[in-house]
Amino acid sequence: MKRLTNKNIFRILIFLIVSNTGCSYDNIEEKYNRDSCELSNVSWNDDVSPIINNFCVGCHQGSSPSAGLDLSSYSGVKSSVDQETFSIRVNMARSNPLKMPPNAVLDSCIIEQINIWIANGAPEN
Ligand code: HEC
């Protein structure tokens, strides 16, 4: 068995630091855990667009967006919504590896806002 030398303790410390840092999306869940959830008058400009900018465009934009899906504009989001993949991915169970986003947890308020906006016809309002 290996002795717990200073060098090994140092390695363990580095491992713990690296494994806890993760990516910058990790704390966004807390940012959105609020007391009130505004579900009336959900709009693209005030609600949905900021959510997508925070949680989706990190991967779904640019010259080679994930899955070839560019969510950086209203039209890109709308066509994904129309194909129903958008709603399916966002509403998947947390345990499903296909759930979007893969690197953060959307709180129930955000998911509800997205669903209401889609149910309203995903308007550019
Ligand atoms: C960390 C990177 C990352 C983030 C953030 C992310 N996605 Fe994805 N997304 C992927 C990858 C990679 C795929 C392709 C693999 C797969 O199908 O799961 C994908 C696939 C998809 C698909 C399926 C596209 C298709 O045509 O099959 C949809 C829809 C989608 N993402 C929506 C979203 C939405 C909505 C968000 C934000 C709420 C989001 N993604 C956030 C990486 C990401």
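Two residues are said to be in contact if their C-beta atoms, placed from the backbone, lie within 7 Å. Among the contacts in this chain with a separation of 6 or more, 60% are between residues 24 or more positions apart.

Good morning, colleagues. The model before you is a predicted one: local features need pLDDT of at least 70, side-chain atom pairs count only at pLDDT 80 or more, and totals for chains, interfaces and linings use all residues. Residues are numbered from 1 along each chain as its sequence is written.

I begin with the fold. The chain has six helices and zero strands, where helices (H or I, at least four residues) and strands (E, at least two) are DSSP runs, numbered from the N terminus. Along the sequence, the pattern reads α-α-α-α-α-α. Of the 125 residues, 14% are buried. A residue is buried if 20 or more other C-beta atoms lie within 10 Å of its own, exposed if 12 or fewer, and partly exposed in between, with C-beta atoms placed from the backbone.

Let us turn to helix H3, residues 44-55. Its buried residues are Asp47, Val48, Ile52 and Phe55. Viewed down the axis of H3, these buried residues fall within an arc of 105°, so they line one face of the helix; the arc is that of the directions from the helix axis to the C-beta atoms. On the other side of H3, Asn45, Asp46 and Pro50 are exposed.

Next, the ligand. Which residues are the closest to the ligand? They are Cys56, Cys59, Ser66, Met100 and Pro101, in a shell of 18 residues, a residue being near if its C-beta atom, placed from the backbone, lies within 6 Å of the molecule. Helix H5, residues 85-90, supplies the largest share of this shell, with four residues. By class, the shell holds 11 nonpolar, six polar and one charged residues. Here Ala, Val, Leu, Ile, Met, Phe, Trp, Tyr, Cys and Pro count as nonpolar, Asp, Glu, Lys and Arg as charged, and the others, Gly among them, as polar.

Finally, the backbone. Most residues other than glycine have a negative phi, and most peptide bonds are trans. Met100 and Pro101 are joined by a cis peptide bond, with omega about -5°, and Pro101 is placed in the loop between H5 and helix H6 (108-119). Glu84, in the loop between helix H4 (74-82) and H5, has a positive phi near 70°. Glu84 is exposed, with 10 other C-beta atoms within 10 Å. Ala122 also has a positive phi, near 50°, and sits in the segment after H6. Ala122 counts as partly exposed, with 19 C-beta neighbours inside 10 Å.
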